Number of protein chains: 2
Amino acid sequence: MPEIRWDIITEERVIIATERSRRPHDFKKTDAPAEPKPDFVASCPFCVGNESLTPPEVDAFRTTGTQPDAPGWWVRVVPNKFPALASEGDPAPRSAGIYTLSDGVGVHEVLIETPRHNETPVAVSMQQWIEAMRMYQRRLHALAQDVRLKTVLIFRNEGRAAGASLEHPHSQLVGLTFVPPVLQRHIEGVHRYRSRYGRHPFEAILEQELREGVRVVRQTERFLLYAPFASRAPYELAILPLEPIGRFEQLPDETLQEFAQLLQDALRRLHAVLSDPPYNYMLFTAPNGYADEFWMHLRIAPRLSIDAGFELGSGVGINITAPEDAARYLSEV
Amino acid sequence: MPEIRWDIITEERVIIATERSRRPHDFKKTDAPAEPKPDFVASCPFCVGNESLTPPEVDAFRTTGTQPDAPGWWVRVVPNKFPALASEGDPAPRSAGIYTLSDGVGVHEVLIETPRHNETPVAVSMQQWIEAMRMYQRRLHALAQDVRLKTVLIFRNEGRAAGASLEHPHSQLVGLTFVPPVLQRHIEGVHRYRSRYGRHPFEAILEQELREGVRVVRQTERFLLYAPFASRAPYELAILPLEPIGRFEQLPDETLQEFAQLLQDALRRLHAVLSDPPYNYMLFTAPNGYADEFWMHLRIAPRLSIDAGFELGSGVGINITAPEDAARYLSEV
């Protein structure tokens, strides 16, 4: 019997239909294993030595004495060469007859996580991966100074089916002058839940998930990795801090290191169980003005199925793997 | 300069970023042209003669004297073999600790549009295509009797990148016991617009689109085919009736024929300009209890780009083709 599950925050429904369920093996690609990748690709704009192929860098961790846009860096941030938003312009809405539009103002950066082409998040050293996370924090700190921005979203697209166009390990950052619908609905849902039950829904989730255990993949000292009850798609995962923290950039360095380890662990588990699946992850940190009611969290969305006409037309996800099954497979690795 | 455009109904924003714009040619597949398909495939459960490969039929247009689940049909409706929802069960929500769930009750049918494997919507005869549309109406009429259902969504997935798993021309129908978020937001938006401006937003859209013409692909006696101002993705199209009609199944047969012709024309234009792209279309008819404020309409979403971490994490679309450009290319065919 299929189930309908309500998202505890947005109250949106998801269909869990495991009769067409597939075991992890069935999601695996049938292709031969990928060829090992080289650590340098001459045409790759993100490989060390190719700095001239990107717009001038915005920020970098680099060896003292080395010059911007030259080798010597280990994490490097550049503007997106084809930005979705422009840094200058007028964000005020204007009319075009009955319609409303504005200049597309915002920030669109690429965070190059390593100089080496083949150091994917599952292969990279923990030290390097922590440096990438430190750069996430540094960019969030820097962009907090741009008073035009309401929301900064960091995300990662891995694999073509997840929208990646370049192979070299990188994340992206988009700064928006508004709070977008996904976050708006989250914030409204948190507010509604708190008014009704007197506590943040993440508190309630942590309590129940830690007690039941069936959707928990791993708990660390300060974080929980789990498969959300109303996951929209197979093998979705979330990382929640065990105590409220509004902004990712507030994490003390020791906590950040623990987060980095858990994130790599989550990606390695997905890699092992689903054989290097395409995925996105999205890091949610408090929009400006919402730090009080917001808990930072990260959501991982493996791209094992395709949203088709039903999902586009309804907004309802059909998930063929119960989150409890996903958590079991992933915790057994 | 990228633009942000507001959807006039939902008020959600879309980014139109044409600096990475591609002309229609750049969306075309680089593969060799597809092999011509046969009109019968022995293993295809939807081909005539293979009726035993599907669950027992729910409805069909068939020659008098022929038996259900045997040849003699020209449009056939069967339950989905792997239904997302079950026909029996208790749709009432129940608690599981802090969470809410229910049985997944609803209807999930497959509408086989033709007995012949290779009669895609762009290749099929108009007479056959009109019969498929008549079956849409017939199923909507029949399911209106099921008082449990609030919403019936008919949609079509064409091509693997649009979520199609079977090649034989077919649509699907899902009946839900609730109004899903996409329709809920549409209805709320219509209500808000009407309270504010005293008319349905589709009236305002028709007036401005017909006056400006830049987003119009084609107008017929009773319908408009156009590229919506705030299209979330390249080459999105919509078909709107010029006068308010709440339910698709209310269309008189002559009007239905005109609709069928315009829909095939729209799909042929996309096929010609974008070289047989994957696409979804979604037919929106009034949910039960909303006939007053609802206008039926159809939305076509070619799947030329992939929603990545930004779109998943924000709910904001990035569209690299201005709707005005899409309309120009499509109307020039």
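Modeller: Helix α7 of chain A, residues 323-331, has A:Pro323, A:Ala326, A:Ala327, A:Tyr329 and A:Leu330 buried; a residue is buried if 20 or more other C-beta atoms, placed from the backbone, lie within 10 Å of its own. Please note that this is a predicted model, in which local features need pLDDT of at least 70, side-chain atom pairs count only at pLDDT 80 or more, and totals for chains, interfaces and linings use all residues. Residues are numbered from 1 along each chain as its sequence is written, while chains are lettered from A and ligands numbered from 1 in the order in which they are written.

Colleague: Within what arc do the buried residues of α7(A) fall, seen down its axis?

Modeller: The arc is that of the directions from the helix axis to the C-beta atoms. The buried residues of α7(A) line one face of the helix, because their arc is within 165°.

Colleague: Against which elements do these buried residues of α7(A) pack?

Modeller: Helices (H or I, at least four residues) and strands (E, at least two) are DSSP runs, numbered from the N terminus. Contact requires C-beta atoms, placed from the backbone, within 7 Å. The partners of the buried residues of α7(A) belong to chain A: α1 (24-27), β10 (216-219), β11 (223-226) and α5 (253-274).

Colleague: How are the two copies related?

Modeller: Copies are superposed by least squares on the C-alpha atoms of residues with pLDDT of at least 70 in both. Chain B is superposed on chain A by a rotation of 180° with 0.0 Å of shift along its axis, at an RMSD of 0.0 Å. The copies are therefore related as by a two-fold rotation axis.

Colleague: Through which surface do the copies meet, and how many residues does each chain bring to the contact?

Modeller: In chain B, 100% of the interface residues are also interface residues in chain A, so the copies meet through the same surface. The contact takes 57 residues from chain A and 56 residues from chain B.

Colleague: In what order do the strands of the open sheet with mixed pairing stand?

Modeller: Two strands pair if DSSP finds at least two bridges between them. Strand β6(A), residues 99-103, is joined to β5(A) by three bridges and runs antiparallel to that strand. Three bridges also join β6(A) to β1(B), again antiparallel, with A:Ser102 opposite B:Ile4. The five strands stand in the order β5(A)-β6(A)-β1(B)-β2(B)-β15(B).

Colleague: Which are the edge strands of that sheet?

Modeller: An edge strand here pairs on one side only. The edge strands are β5 (94-96) of chain A and β15 (317-319) of chain B.

Colleague: Which residue stands opposite B:Ile239 in β14(B)?

Modeller: Strand β14(B), residues 297-302, is mostly covered, with five of its six residues buried. Strand β12(B), residues 237-241, pairs with β14(B) in the antiparallel sense over three bridges. Opposite B:Ile239 stands B:Leu298.

Conventions
A residue is buried if 20 or more other C-beta atoms lie within 10 Å of its own, exposed if 12 or fewer, and partly exposed in between; C-beta atoms are placed from the backbone. Two residues are in contact if their C-beta atoms, placed from the backbone, lie within 7 Å.
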